[in-house]
Every structure is written in C-alpha cells, then in structure tokens.
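This briefing is meant for a reader meeting the structure for the first time. Please look over the sequence and the model before turning to the points below.

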Amino acid sequence: MTTDPKGLVDHLFRERSGQMVAWLTRVFGAAYLDLVEEVVQDALLKALQQWPYSGVPSNPAGWLCQVARNGALDVLRRDSAFRSRAPAIAAELTRSTPGTMNESPDPVFEDDELKMIFLCCHPALPMDTRVALSLKTVSGFSVQEIGRAFLTSDATIAQRLVRAKRRLRELDVPFDLPSAEDLSPRLDAVLEVIYLLFNEGYASRGGDELVRADLCFEALRLARLVARSARTESPAAHALAALIALQAARRRARLDDRGEIVLLEEQDRSRWDAGLTALGFAHLERSAAGSVMTAYHVQAAIAAAHTSASSPADTPWRDILRLYDDLAVLNPSPLVRLNRIVAVWKVHGSEAALTDLRPLEAEPALQSYYLLPALKGRLLASIGDQGAARHAFEMALALPCSEPEQRFLEKQLKELGARS
Amino acid sequence: MPKYVLLLHDAPDSYSSLSPEQLQQVIQKYVAWGEKLRKTGVLQGGQKLADEPGRIMRQKNGQMRVTDGPYSETKEVLGGYYIVSADSYERAIDLARDCPHFDYGGAIEVRELDTMSQ
C-alpha cells in the first residue's frame, strides 16, 4: 500500500467535481447535465472503493479525472443516443486533458468552470433555481447540503434542479460565455448569485454552521474566479471579491469559544484573518479601476473602513455613514436603511437614530426581522428608557432567530434588569 | 504471530447520495484508520476486489456449473480485504472495531488464517 503522505487537500473532491462537471458538460453539451453528474459521481465513488485499500494516489485529482474520462467513454459505447457524435466526443475527451493533472489552476479548466457558472445563472431560470443549480453543479454541494444551507426541504431543492435542467434542455442553451453585448447583464446576474451565496453563508440565521462556512468559502472562490478571468474581470467583480474576503476575514471572531455572538465593537481584532484581509484589500484596489461604482464597491468600502480601524474607537463612523448614504441611493432596500441606522447612532446619537428608525418599522420586508426591534432596544436602553427597551427586546425574541441570537437577546434583557 | 483476514462486506448504495465533500471525508477516515494500523506494524496488506460479484463454480453429477453472484439473500458485496497480525481473535476484532466501514452500514468478517499447517 502506498499512501501519499500529504493525504487529500481540503475540499479537493468538491472543487474537482465542479471542474469535472464543467469539463464534461462542455464535451457532451448542456442538455446532458444529468448524465455528466452521474459520471463524475461514479468517479468519486470509485475512489471511495479503491483508496481505502490502495492508499491515496500521488495525484488524486489526475486519478479522478482519468476515471471520469473512462466513465464518459463507456457511456459513449453504451448509449446509442451518441452514435453519430461519439467519435467527435471521444476525440475531445482524449484531447482535452483538464488541468486536474496538476495541482495548479489551469486556464482551460477555469474557462470551463466560468462557462458553467454562466449556464447556471441563465436568465431563463428563476433566481432561487440559479442559486441551487450553481451550488449543485459548480460547487459540488449535495441536495441535502443545499437544503440545510437554505432551510428548504430536499424535495423542493431536487424539484428546482429537475426543472432547471429541463429548461436548459428545452432552450438548448449553448455552453459558452455570452457574446460581448450580452456579457454585462449576464455578468451582473452571476455576481448577484455569488453575492446571495455569500450572504446566506454569512448570515447566522440558524441552519448548519459548517455548511454555512463552506458557502462563504465557495462564494469567495467563485468571485475570485470571475475576477481573475480575462473575459469577466471587471471592477464590479473585484469589488464583490473584496467585499466577500473582508467580511469573511471577520467571520471567526463573530462567535466566541462558547458559540456566543460577539458584537463588532467587542470582537478580538487579532482573530480577524490577516490573509483574507490582505486579499480583500488587493481586490479593493483593483475594483477602483474605471469609473463604475456599484453597490458592491460601497459595501466593500464599508467593510474596509471597519477592518482598517485598529480599535472600535478609531472606527471612521462619519465615512461609514456617508458610504451608507451612497449605498441607500444605489440600493434603497429596507435592509440597507436598517444597517445605516447604526452609523447614524454612532455619528448623530441615539435620538437621531430612533427618529430614522421609526419609518422602517412599517416596512413589510422587516416585519419579521428580529434585528429591527433588537436595534431599537439597544437605542432605547442607551437613552435610559428601560421599559420600552425591554418591550423591544421581547418583540425581537418573539421573531425567528437562531439560538445564539436568542441567547444574545436574553443577555441584553438581563442587563436591562440589572440596571433598572 | 497469528494472522487474520478482515473481509469487508459493503452495504450497497450506502454512499450514493453522499456529496463530494462527504465522500472525501469518508475516504480520509479510512486512510487515517489504515495509517494507524500501518504505524503500529499490524497491517500486512490489503486489496480491493474488482467491482463485480464474481463467479461460483460447483460440480454436480460430473457437470461443472458456473454461476454469477450474488450467492446469498443479502445484497452485500465483498469489497476487499485487509490482513492484520494479532495475537488473538479479540485483538483482531479490536483492530477492526473503529474501522469507518461500520459507519455506513458495512459488515466485517474476521477470519483467522491457518498458519499452523505451514
């Protein structure tokens, strides 16, 4: 038995399965996505049957690729549907040796992955379907993992995937990047899906913590892939990559060792990930090329303002408030306006923040969002209105929130009791 | 030192719905288990069997009959084997006890090799 002492790189199967699906989809065509996924899954299962006995091969990615290629060639021999195309497909399978043969990212392979992302984010598909299909095919998540991440039943996710594949077949969508004139709106759609993936992973709305961490990781990987490819590199893509990296850098510090929520101003800044922070700033710099200003730019700038402050007292709240004002123009959503209130509080004080908060309380989109009454409670407590603060925290507790969020709210209530 | 063969019977389809990430984790568990046995010098070898049920040959009334598997009611498939050295059955069973094979519905048949007659 020979075992590679290095073992397996983290997430190797997940990343390589996405890449192999992209490669084989290019070769077979988007209409054969189901078949392609099956071939790739079979290759992974073969590794599971073989490697416990033989040890991990010295080039695990190359091994998987070779087995997937053989599986695809078997399909060609077996399935008469490919009879006329079989020689061309077989030639392409043999010719294109995907970059899995070595460890570094391969431009041809990345090109396939990029095309796959655009396919999954096709405008003919509903938004939630784009997200599910991207996670399944590009990112190698299982139906169960997607369900856990989005608190949706497996059956619903599976149904979305079936419909998506049928729709792609009906439309006979080509496996290619959009033409130059279509690229801009299609790229926006891709960035939006990546942004959603990240938000879902970053939000602490319950669900499986490990899967959520993986979502953040995956969103960063995809944003970087889009940002570094010649065809899709753009200020917006860099801004999104910067935003994700800077936020992800703080992810670890948001919970303490016992799993309790730690507010930004109380976080141990030495626990912020320096590598991700540096990556974020590098993308931020490149996002400034050109004159485009997207909502991703502004959010990345807000994240950067927090990150650059060496202590909570150094936080440039005036700059942050200005950025939130810009953001509210680009994206006047209730959630942005709610987040802006914190900056108003820090710059203009509690009374001003409470005044700005009032119109938001009527927003239908925020009716069941616990953070609104939670923020109101903190504002009321800071002006000494204990009774109203208590009422606000109790309202927040009655709304859906995760267990750490509940414990955080209960702690706030207890502190009120201690002071009154 | 006596030798034992661990025959790993796989439960069919127990892995088919696992995600790539989960499959990788399962492999890593097996590799860690094998590595532990190798380090202590008890693992003598192992081999995967080919992915087909094999053939069974029987002679009846002078006629050779060759049949394809599976041969029993259970749908388990013999996936492969390991050979370990251990001073007793109990010790051999202990070595197999934390094999990840059990986490996924598999069974392990432990048989002592007859080394006395050699």
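The structure is a predicted model. Chain A has 19 helices and zero strands, whereas the secondary structure of chain B comes to two helices and six strands. The two chains touch, with 22 residues of chain B in contact with 24 residues of chain A.

**Chain A as a whole**

- The C-alpha trace of chain A spans about 80 × 50 × 40 Å when it is taken along the principal axes.
- A compact globule of 420 residues would have a radius of gyration near 22 Å, and the 24 Å found for chain A agrees with that expectation.
- Of the 420 residues in chain A, 41% are buried.
- Among the contacts in chain A with a separation of 6 or more, 64% are between residues 24 or more positions apart.

**Chain B as a whole**

- Read from the N terminus on, the elements of chain B follow the order β-α-β-β-β-β-α-β.
- Along the principal axes, the C-alpha atoms of chain B fill a box of roughly 50 × 45 × 20 Å.
- Buried residues account for 19% of the 118 residues of chain B.
- For chain B, residues 24 or more positions apart make up 76% of the contacts with a separation of 6 or more.

**Where the chains meet**

- In the contact of 22 residues of chain B with 24 residues of chain A, at least two residues on the chain B side are supplied by each of helix 1 (20-39), strand 2 (43-48) and strand 5 (77-85) of chain B.
- Helix 1 of chain B gives the largest share of this side, namely eleven residues.
- Sorted by class, the side of chain B that touches chain A has eight nonpolar, ten polar and four charged residues.

**Helix 10 and helix 11 of chain A**

- Helix 10 (residues 209-228) and helix 11 (residues 235-249) of chain A pack at an angle of about 155°, and their axes are 8 Å apart.
- An angle over 145° counts as roughly antiparallel, and helix 10 and helix 11 of chain A are therefore roughly antiparallel to each other.
- Their crossing is left-handed, and the residues that make the contact include C216(A), L220(A) and R224(A) from helix 10 of chain A, together with H238(A), L240(A) and I244(A) from helix 11 of chain A.
- By class, this contact between helix 10 and helix 11 of chain A has twelve nonpolar, one polar and one charged residues.

**Helix 14 and helix 15 of chain A**

- Helix 14 (residues 317-330) and helix 15 (residues 334-348) of chain A also pack at about 155°, with their axes 9 Å apart, and these two helices are therefore roughly antiparallel to each other.
- The crossing of helix 14 and helix 15 of chain A is left-handed.
- Residues of helix 14 of chain A, among them W317(A), L321(A) and Y324(A), meet residues of helix 15 of chain A, including V336(A), R340(A) and V344(A).
- The contact of helix 14 with helix 15 of chain A has ten nonpolar, one polar and four charged residues.

**One residue in helix 3 of chain A**

- D74(A) lies in helix 3 (residues 60-78) of chain A, and D74(A) counts as exposed because it has 12 C-beta neighbours inside 10 Å.
- D74(A) and A90(A) are 16 residues apart along the chain, and their C-alpha atoms are separated by 9.9 Å.

How values were computed
Residues are numbered from 1 along each chain as its sequence is written. Chains are lettered from A and ligands numbered from 1 in the order in which they are written. This is a predicted model: local features need pLDDT of at least 70, side-chain atom pairs count only at pLDDT 80 or more; totals for chains, interfaces and linings use all residues. Axes are lines fitted to C-alpha atoms, for helices over the stretch in contact, and angles run from 0 to 180 degrees between N-to-C directions. Helices (H or I, at least four residues) and strands (E, at least two) are DSSP runs, numbered from the N terminus. Angles under 35 degrees count as roughly parallel, over 145 as roughly antiparallel, 65 to 115 as roughly perpendicular and the rest as oblique. A crossing is left-handed if the near helix is turned anticlockwise from the far one by less than a right angle, and right-handed if clockwise. Two residues are in contact if their C-beta atoms, placed from the backbone, lie within 7 Å. Ala, Val, Leu, Ile, Met, Phe, Trp, Tyr, Cys and Pro count as nonpolar, Asp, Glu, Lys and Arg as charged, and the others, Gly among them, as polar. The radius of gyration is taken over C-alpha atoms; the globule rule is 2.2 Å times the number of residues to the power 0.38. A residue is buried if 20 or more other C-beta atoms lie within 10 Å of its own, exposed if 12 or fewer, and partly exposed in between; C-beta atoms are placed from the backbone.
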